[in-house]
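Reader: I have a model open and want to go through it piece by piece. Can we start with the charged pairs?

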Amino acid sequence: MKNSIRSLKEANLGRRMIAMIMDGVIFAFVWVALALWVFTPIVNATMHYSDLGVTGLKYEVFSKLYVCEEVDLETQEHKVVDVNKFEEISGNTLTYTPLYNYQTEDINFYKDRIHYYYCSYKTGENIEYPEGKDPEEYKSPIYQQFIKDNDGKDVLPKDFYTEAWFNELISGKSTIRDYQNLAYSAVADLREAPFFEELNGKISACQLVIALPAFAISYFGFYLLVPLLYKNGETFGKKVMQIGLVTKDGYQVKKRQIVFRQLLLFAWVSLSLFVVGIGLTSIATLGVGVFIYLIATVISRTRRSPMDYAAYTYMIHTGKSVWFKDSAEEEQKEIELDEKMSKYQRYNPNEKNLIQVGTEIVNEDVKRELEEEKLKKDKK
């Protein structure tokens, strides 16, 4: 070919990042909406997810290792609530703070609650239950589970956590920090109890059943189905920012390349959220992935990301690029252009000032001549 009419302008990093953020916000909204309004009701009906959460909350609150406070919505004042009455409060917000994070200068406040946990809640003796409620609804099985004593023998908690034990190891502490550390150990002890671990396992399973299907449907609908509908594999964000995919050689991207590229993204996000663990760890993993993506793209000579290298794709600015389905189409278009340009003496095949007019690509001077001829004909 004497002169290639294919012209590819790479998508700059700023456009990619804006498109990534737009897509992420829309995807997150769809994911959360599906999880809350579709899968949560299903899991509540089949796995009693809400009941499990309430049960866990009761174990925490009635162990007295969590401080239940009533927050006045108007004054924002906090008031510690009697555990026997926390269910009766309505209209105001309740907060639950682990005892080790609760700030007070009253050492006896910590001492009394730690004493209650070990000498009452764990032993099953003198437990405070809400008035008019069935004790079985609030009783944890922790007092029925054997523990190891100092000699390594299996004993019931009531035979180990005695007043003498408390007075010897706990009661003599003298600083707030000491009691906060003891409260931290007590909370860890509660969470490590077999019945509590089993309950948390059921809650985690329910959360996974809610989050994973919602995530998969949202992802495959937004990041896979939508790109397959557009010839350049665009998501909504990419479409708005006028960026899209072509093959490494600069032709129209293939469907299989779009699928492969998006599955790589799915594997990375799924690994971060559901294998590494939801929380700060997953956020860190996603952050590291984005950082690697940016660095790899910046240092790449052609500004291709790791996914582009794997899928043999290239990100272009679709509003400033000219590309074709394949080399055969490109060759045909160049032949047609040569035929049209050969009619004009002032056309120089080697000059680069070619512009697109509708579906045609013409020389800038030729365009001006055509417009002038059209005006003359209109005047006649």
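Author: Arg261 and Asp308 are both buried, where buried means under 20% relative accessible area, exposed over 50%, and partly exposed in between, with a 1.4 Å probe and protein chains only. This is a predicted model, in which local features need pLDDT of at least 70 and side-chain atom pairs count only at pLDDT 80 or more, while totals for chains, interfaces and linings use all residues. Residues are numbered from 1 along each chain as its sequence is written, and side-chain values use heavy atoms, with hydrogens and water left out.

Reader: How far apart are the closest N and O atoms of Arg261 and Asp308?

Author: They are 2.9 Å apart, and the two residues form a salt bridge. A salt bridge here is a side-chain nitrogen of Lys or Arg within 4 Å of a carboxyl oxygen of Asp or Glu.

Reader: How many salt bridges does the count come to?

Author: The count is nine. One of them joins the side chains of Arg6 and Glu330, at 3.0 Å from N to O. That pair links distant parts of the chain, 324 residues apart: Arg6 is in the segment before helix 1 (13-47), and Glu330 is in helix 11 (residues 327-341).

Reader: Is Glu330 buried or exposed?

Author: Glu330 is buried, at 7% relative accessibility. Arg6 is partly exposed, at 26%.

Reader: And what does Asp159 form a salt bridge with?

Author: With Lys158, the closest N and O atoms being 3.4 Å apart. Asp159 has a relative accessible area of 49% and is partly exposed. Lys158 is partly exposed too, at 39%.

Reader: Switching to strands. How many residues of strand 7 are buried?

Author: Five of the five residues in strand 7 (residues 313-317) are buried, so the strand is largely enclosed by the rest of the structure. Thr313, Met315 and His317 point one way, Tyr314 and Ile316 point the other way, and all are buried. In a regular strand the side chains alternate between the two faces of the sheet.

Reader: How many bridges join strand 6 to strand 7?

Author: Five, and strand 6 (residues 243-247) runs antiparallel to strand 7. Two strands pair if DSSP finds at least two bridges between them. Thr247 stands opposite Thr313 of strand 7.

Reader: What sits in the loop between helix 10 and strand 7?

Author: Tyr312 is in that loop. Tyr312 has a phi near 60°, which is positive in a residue other than glycine. Most residues other than glycine have a negative phi. Tyr312 is exposed, with a relative accessible area of 52%.

Reader: What about the phi of His48?

Author: The phi of His48 is near 55°, again a positive value in a residue other than glycine. His48 lies in the loop between helix 1 and helix 2 (49-62). With a relative accessible area of 45%, His48 is partly exposed.

Reader: Now the surface. Which residues make the nonpolar patch?

Author: Val288, Phe291, Ile292, Ile295, Val298 and Ile299 make a patch of about 590 Å². Patches are made of residues with over 30% relative accessible area and no salt bridge; like charges are joined within 9 Å, and nonpolar side chains (Val, Leu, Ile, Met, Phe, Trp, Tyr) within 5 Å. Areas come from the Shrake-Rupley method with a 1.4 Å probe, and for residues only the protein chains shown count as cover. Val288 lies in helix 9 (residues 280-299) and is partly exposed, at 48% relative accessibility.

Key. Helices (H or I, at least four residues) and strands (E, at least two) are DSSP runs, numbered from the N terminus.
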